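Reader: I am new to this structure and would like to know what stands behind the terms used for it. Please take me through a few of them.
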Amino acid sequence: MDSRVSELFGGCCRPAGGGAGGALRGRGGAAPGGGSKAKKKNGRSRGGKANNPPYLPPELKLVNPSQYRFEHLVTQMKWRLQEGRGEAVYQIGVEDNGLLVGLSEEEMRASLKTLRRMAEKVGADITVLREREVDYDSDVPRKITEVLVRKVPDNQQFLDLRVAVLGNVDSGKSTLLGVLTQGELDNGRGRARLNLFRHLHEIQSGRTSSISFEILGFNSKGEVVNYSDSRTAEEICESSSKMITFIDLAGHHKYLKTTIFGLTSYCPDFAMLVVSANTGIAGTTREHLGLAMALKVPFFIVISKVDLCSKATVERTVKQLERILKQPGCNKLPLLVNSDDDAVTAAQQFAQSPNITPIFTLSSVSGENLDLLKVFLNILPPLTNSKEQEELMQQLTEFQVDEIYTVPEVGTVVGGTLSSGICREGENLVVGPTDDGKFLRLKVCSIQRNRSACRVLRAGQAATLALGPFDRSLLRKGMVMVSPEMNPTICSVFEAEIVLLFHATTFRKGFQVTVHVGNVRQTAIVEKIHGKDKLRTGEKAVVRFRFIKHPEYLKIGAKLLFREGVTKGIGHVTDLQAITTKENAWRSPW
Ligand SMILES: Nc1nc2c(ncn2[C@@H]2O[C@H](COP(=O)(O)OP(=O)(O)OP(=O)(O)O)[C@@H](O)[C@H]2O)c(=O)[nH]1
């Protein structure tokens with residue numbers, strides 16, 4: 001969003017690049033044929049500073065467009081929706097160059113009417129996000145309106161965003177998810193979270209131990225779709241144009257391994273760090289924040305339980321967080337969200353710059369400010385555009401195995417994410433590597449996304465795949481299922497360029513650590529530190545690791561995180577000692 005627009009709407013003013021769309025500006029880049037129309041402004045001032053009505057080229061208004069222009073605008077809208085993966089935000093009354101010209105009430109009404117007709121033509125709905133008056137001397141007030149255009153879902157092709165939920169134990173993560181996804185407020189004694197727990201010991205202790213997924217949908221009109229008016233996940237998927245899948249990760253330090261696995265393996269688009277207003281930064285909060293930073297997952301913060309404390313205490317927690325975020329190591333720009341306007345600005349700016357960190361203060365018991373978080377989640381755009389998505393889909397099929405289940409009458413089922421290509425029902429793939437470095441043939445019998453059947457899975461989507469009679473004991477988390485045409489590189493020995501984030505004494509050859517790379521999680525031994533005998537906290541080096549149990553499928557450039565007790569480090573894979581799988585004819589386990 002242009003800084004001037006953001007200023008107008010009261011947001012924090014980070015200048016953003018690239019204008020688009022004339023009196024109609026939209027998220028999703030400049031449309032074809034809709035290049036910059038920056039014109040000389042006949043000596044009139046810009047940005048609403050002086051009080052002269054700025055020059056508005058009449059053809060840029062959407063008032064009664066000719067048939068030809070209407071068709072052109074429809075083509076632009078189609079393109080923008082495609083670019084934005086089904087979503088686009090239009091700013092009416094703003095020129096290509098960001099000039100806030102505004103439209104009269106009547107012009108705005110006519111323009112919105114045209115926009116609605118355009119949306120109807122492409123099978124989309126429109127929602128007005130916010131309206132503002134432009135300030136200058138005129139008898140007629142002039143307005144700017146931001147409108148969300150969203151495609152009505154077809155064939156389960158809703159936009160799917162994954163949000164990992166982080167935060168200290170008891171900060172209110174599960175409760176907040178319960179409230180968002182079930183549509184009922186909490187009683188302060190754990191009622192909302194009860195719906196989310198999976199294991200008996202979780203119900204008894206009130207602590208999340210495993211990873212669970214919760215869904216919150218938004219329809220094409222931007223309204224919430226959750227279990228309050230839908231009975232099943234299938235119904236939620238059917239009525240939603242956009243789906244937020246929350247990955248609820250455990251808060252307790254004891255489950256840190258699972259939390260890291262959730263962050264590295266499930267490739268979240270964003271992370272939501274929940275901090276309790278009454279405790280502030282406590283327990284694992286700092287560690288979770290560090291993890292999101294190290295793994296470069298853009299995050300926003302929710303300060304929960306504001307009903308329990310005074311305004312001063314909430315402010316203290318906000319200040320504490322702002323201080324940490326602004327520290328040189330973090331370098332973030334906190335953006336406190338206090339109104340609907342702030343929520344819209346936060347969503348737009350957050351997507352443009354990972355340095356912006358929106359902060360919400362809310363209560364899952366009184367419901368205070370919960371709507372602001374919903375507004376934000378509704379507008380939050382995907383970070384990849386349709387072109388990047390298309391490129392990923394062109395590659396060979398690769399599915400990461402994150403979970404393995406046995407389902408009565410269905411057989412073996414694996415859960416995970418399709419990292420590239422397309423996967424169809426009935427497709428033959430190979431899975432591995434096994435302990436002896438082999439890949440085994442299998443058939444994908446059926447696919448489910450968010451608990452409803454789906455015929456085709458596309459890159460970036462998470463799903464469960466039924467493998468029929470395939471022997472479950474041959475599978476483990478961290479394997480990949482790939483196209484038989486691929487010749488996956490597997491290795492036991494690899495090198496990585498690392499930074500040692502913390503180590504109590506010194507880090508040397510022979511040290512054992514748990515290595516996390518994507519969905520791979522295995523103990524590895526440090527075989528060599530290039531050019532050094534030992535490493536101290538903060539030092540960098542290229543290190544050779546050897547997995548102690550079995551080979552893994554790794555890729556050069558993949559992000560890596562390792563830990564052992566208090567020892568922690570991050571880096572990326574730089575070299576692999578590949579074990580060739582070529583001579584291993586794909587073996588059938590049957
Ligand atoms: N008063 C009040 N209580 C809340 C709020 N949010 C959560 N709680 C209560 O705080 C307690 C802990 O909440 P949980 O949602 O289980 O916390 P968690 O962060 O998921 O904890 P782990 O699963 O152990 O990581 C429960 O008793 C909730 O009822 C809130 O906004 N206000």
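Reader: Which residues of α4 are buried?
Author: Lys173, Ser174, Thr175, Leu176, Leu177, Gly178, Val179, Leu180 and Thr181. Buried means under 20% relative accessible area, with over 50% exposed and partly exposed in between, for a 1.4 Å probe and protein chains only. The model is predicted: local features need pLDDT of at least 70, side-chain atom pairs count only at pLDDT 80 or more, and totals for chains, interfaces and linings use all residues. Numbering starts from 1 along each chain as its sequence is written, and side-chain values use heavy atoms, without hydrogens and water.

Reader: What makes helix α4 largely enclosed by the rest of the structure?
Author: In α4 (residues 173-182), 9 of the 10 residues are buried, so the helix is largely enclosed. Its buried residues pack against β6, β7, β9, β10, β11 and α11, contact meaning heavy atoms within 4.5 Å.

Reader: Why are α7 and α8 called roughly parallel?
Author: Helix α7 (residues 256-265) and helix α8 (residues 285-294) pack at an angle of about 30°. Angles under 35 degrees count as roughly parallel, over 145 as roughly antiparallel, 65 to 115 as roughly perpendicular and the rest as oblique; α7 and α8 are therefore roughly parallel. Leu256, Thr259, Ile260 and Leu263 of α7 meet Glu287, His288, Leu291 and Ala292 of α8.

Key: Helices (H or I, at least four residues) and strands (E, at least two) are DSSP runs, numbered from the N terminus. Axes are lines fitted to C-alpha atoms, for helices over the stretch in contact, and angles run from 0 to 180 degrees between N-to-C directions.
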